[in-house]
Amino acid sequence: MTHQTPADDREWSLDELAEAYAYPATAPGQGRTPGAWLRANMVSSLDGAAQHDGRSQPLSGDADMRIFGTLRGLADAVVVGAETVRLEGYRPARAREAFAARRKAAGQTPAPAIAVVSASLHLDFSLPLFTEPLTPTLILTGAAAPADRVRAAERAGARVVIAGDGRGVDPAAAVSALAGLGLTRLLTEGGPRLLGQFVASGTLDELCLTLSPTMTAGDSQRIAGGPGALVPERFALASLLEEAGFLFARYDRI
């Protein structure tokens with residue numbers, strides 16, 4: 001487990017962060033879905049808010065954004081809810097020179113795919129997320145998704161992946177479907193409702209939590225929402241870094 005002492009106060013390099021956040025060498029049975037590893041990256045204020053004015057960006061900072069970029073630089077696919085795509089103005093993941101050699105050695109595409117979870121597919125397919133990705137954007141939806149919206153998504157160049165028998169997405173089926181496409185290093189950036197679904201279904205392997213040195217008050221969401229787990233999930237601290245007053249914790253499921 002990696003710890004940092006106050007005397008070590010400095011800026012963590014991208015290479016150091018890439019080593020600290022490297023995915024485990026997955027083997028059958030290691031992740032909740034054999035061969036796959038699903039980690040979440042979320043930020044929280046000191047008083048438990050995951051957003052301010054509906055967005056997570058006001059809680060972030062330069063160090064948090066470097067870790068955000070590092071986690072994307074290591075992932076095969078970034079799984080995100082449709083509402084978060086709309087609120088945060090999601091764009092395609094970009095190729096970054098700092099991670100090019102690592103991605104090539106791991107057999108990855110230059111940039112991770114963005115995988116949008118949506119039951120309705122009410123998305124603006126004219127946005128750069130769908131028209132300009134280096135790696136084609138995926139849409140995870142259910143078998144009963146509106147056929148006209150599926151066709152619109154495919155015309156826009158997105159790949160529609162069925163991950164549920166009904167209208168919505170089954171979290172375990174989503175992880176399994178992505179693993180079936182060879183996308184095993186998975187990262188979800190929420191939002192809170194999607195993360196809550198992964199937690200409640202028992203499919204989350206790891207949480208990367210940024211504790212922001214901010215207070216918001218108000219009634220903002222926590223990092224995970226929706227129906228609760230039948231039994232609280234237990235995680236163990238795997239690493240802890242500090243920079244500029246932010247704490248960066250990584251927890252693995254027990």
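The side chain of Ser120 puts a polar atom 3.2 Å from the backbone nitrogen of His122. Bear in mind that this is a predicted model. Ser120 itself sits in a loop, the one that runs between strand E3 (113-117) and helix H5 (128-131).

**Around Ser120**
- Skip the neighbours within four places in sequence, and Ser120 is in contact with Pro146, Arg149 and Arg167.

**Helix H7**
- H7 covers residues 171-180, and its buried residues are Pro171, Ala174, Val175, Ala177 and Leu178.
- Looking down the H7 axis, you'd see those buried residues within an arc of 165°, so they line one face of the helix.
- As a reminder, an α-helix has 3.6 residues a turn, so residues three or four places apart point the same way.
- After H7 comes Gly182, with a positive phi near 85°.

**Helices H2 and H4**
- The axes of H2 (residues 62-74) and H4 (residues 97-105) come within 9 Å of each other, crossing at roughly 25°.
- An angle under 35 degrees counts as roughly parallel, and H2 and H4 are therefore roughly parallel to each other.
- The crossing of H2 past H4 is right-handed.
- On the H2 side, the residues that meet H4 are Gly69, Thr70, Arg72, Gly73 and Leu74.
- Their counterparts in H4 are Phe99, Arg102 and Arg103.

Terms used: Residues numbered from 1 in each chain as written. Predicted model: local features only at pLDDT ≥ 70, side-chain atom pairs only at ≥ 80, totals over all residues. Heavy atoms only, no water. Helix = DSSP H or I, 4+ residues; strand = E, 2+ residues; numbered from the N terminus. Polar contact = N/O pair within 3.5 Å; in protein donor to acceptor, adjacent residues only side chain to side chain. Contact = heavy atoms within 4.5 Å. Buried < 20%, exposed > 50% of the residue type's maximum accessible area, 1.4 Å probe, protein only. Arc of directions from axis to C-beta. Axes fitted to C-alpha atoms, helices over the stretch in contact; angles between N-to-C directions. Parallel < 35°, antiparallel > 145°, perpendicular 65-115°, else oblique. Left-handed = near helix turned anticlockwise from the far one by under 90°.
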